[in-house]
Amino acid sequence: MKLKVVVCLLAFASLFSVTVYAQDVPKFDLFAGYSYLRANPGSSGIDGFNLHGGSASMAYNVNGWLSGVADFGGYHSGDILGADGTLSTYLFGPRISYRRHSHFTPFGQVLFGVAHIAGSNGLSFSTSNNSFAMALGGGVDANVTHHFSLRPIEVDYLLSRFNEFGNGAQNQNNLRVSTGVVFHF
C-alpha cells in the first residue's frame, strides 16, 4: 500500500513539474530589429551589394522547443547597379529552440516563402518581381526578464531565385544579419 502511495505522489509531482515548466514558455515571441543584407547576384561579373532595413517576426511556441514562425523583412539601397531598390521577404516555417538555460535561448530555423524586389532609376525604368525565397540560420536571445529579451545576433543564409537580365531564374546566395528586441507573451 505504501508503495502505491509513493508511486502516485511521484507521478503527481512529475506531472505538476511538467505543467509548471510548460507555463514558463511564452505562447508568442515578437521580434523587431535592424537587418543588414549582403545581396549576391547569380549572374557572373556582377558584384554583390549591401542593403539595410528591418525585420520582424512572430513565433507561436507549440511547446518548449518547437515554434511556428512568420518572418517579414524590408531592405533598401539607393544604389543597386545605378538604381534605387527595395527587397521584401515574407517567410514562414519551423524554429527549434533550446530553452534549458535561463539566461540564453539559442535557436535554429528554416523558413520558406516569397521575396519581392522593386526598383527604379528615377527616370523611366521601373521594375517589380517576385521569387521563391528560403532562409536557413539561427541566433540567440539574451533573456532580460520573463517578458523581454535582446537578440544580439541572428544570422541567416537567404536564398532567392530571381530572373536576372532575362536569363531565367538564378540562385542569389545572400547573407542576412539581424539584431533587435524580443517581447514574450
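R100 is found in the loop between strand 4 and strand 5; strands here are DSSP runs of E with at least two residues, numbered from the N terminus. At 64% relative accessibility, R100 counts as exposed, where exposed means over 50% relative accessible area, buried under 20%, and partly exposed in between (1.4 Å probe, protein chains only). R100 and W65 are 35 residues apart in sequence, and their C-alpha atoms lie 9.6 Å apart in space.

The model is predicted: local features need pLDDT of at least 70 and side-chain atom pairs count only at pLDDT 80 or more, whereas totals for chains, interfaces and linings use all residues. Residues are numbered from 1 along each chain as its sequence is written, and side-chain values use heavy atoms, with hydrogens and water left out.

**Strand pairing**

Strand 4 (residues 83-97) and strand 5 (residues 104-120) run antiparallel and are joined by twelve bridges; two strands pair if DSSP finds at least two bridges between them. Strand 4 is also joined to strand 3 (residues 66-80), again antiparallel, by 13 bridges. T89 of strand 4 stands opposite G73, and T89 also stands opposite A115 in strand 5.

**Salt bridges**

The structure holds six salt bridges, each being a side-chain nitrogen of Lys or Arg within 4 Å of a carboxyl oxygen of Asp or Glu. Three of them are described here. The side chains of R176 and D71 meet at 3.0 Å, N to O. This pair links distant parts of the chain, with R176 in strand 8 (residues 172-184) and D71 in strand 3, 105 residues apart. Both R176 and D71 are buried.

R176 also forms a salt bridge with E154, at 3.8 Å from N to O. E154 lies in strand 7, 22 residues from R176, and E154 is buried as well.

In the salt bridge between R151 and D141, the closest N and O atoms are 2.6 Å apart. R151 is in strand 7 (residues 148-160) and D141 in strand 6 (residues 126-145), ten residues apart. R151 is buried, with a relative accessible area of 1%, and D141 is buried at 5%. D71, D141, R151, E154, D156 and R176 are linked in a network of salt bridges.

**Aromatic pairs**

Rings of Phe, Tyr and Trp (its six-membered ring) pair if their centres lie within 6.5 Å; planes under 30 degrees apart count as stacked, over 60 as edge-to-face and the rest as tilted.

| Pair | Geometry | Centre to centre | Angle between planes |
|---|---|---|---|
| F72 and F92 | edge-to-face | 5.8 Å | 80° |
| F148 and F183 | tilted | 5.6 Å | 50° |

F148 lies in strand 7 and F183 in strand 8, so the pair ties together parts that are 35 residues apart in sequence. F148 is partly exposed at 26% relative accessibility, and F183 is partly exposed at 36%. F72 counts as partly exposed at 38%, as does F92 at 42%. F72, Y90 and F92 form one aromatic cluster.

**Charges over rings**

A charge sits over a ring if NZ of Lys or CZ of Arg is within 6 Å of the ring centre and within 35 degrees of the ring normal. The charged end of R95 sits over the ring of F107, 4.4 Å from its centre. R151, a member of the salt-bridge network, lies over the face of F31 at 4.5 Å from the ring centre.

Notes
Helices (H or I, at least four residues) and strands (E, at least two) are DSSP runs, numbered from the N terminus.
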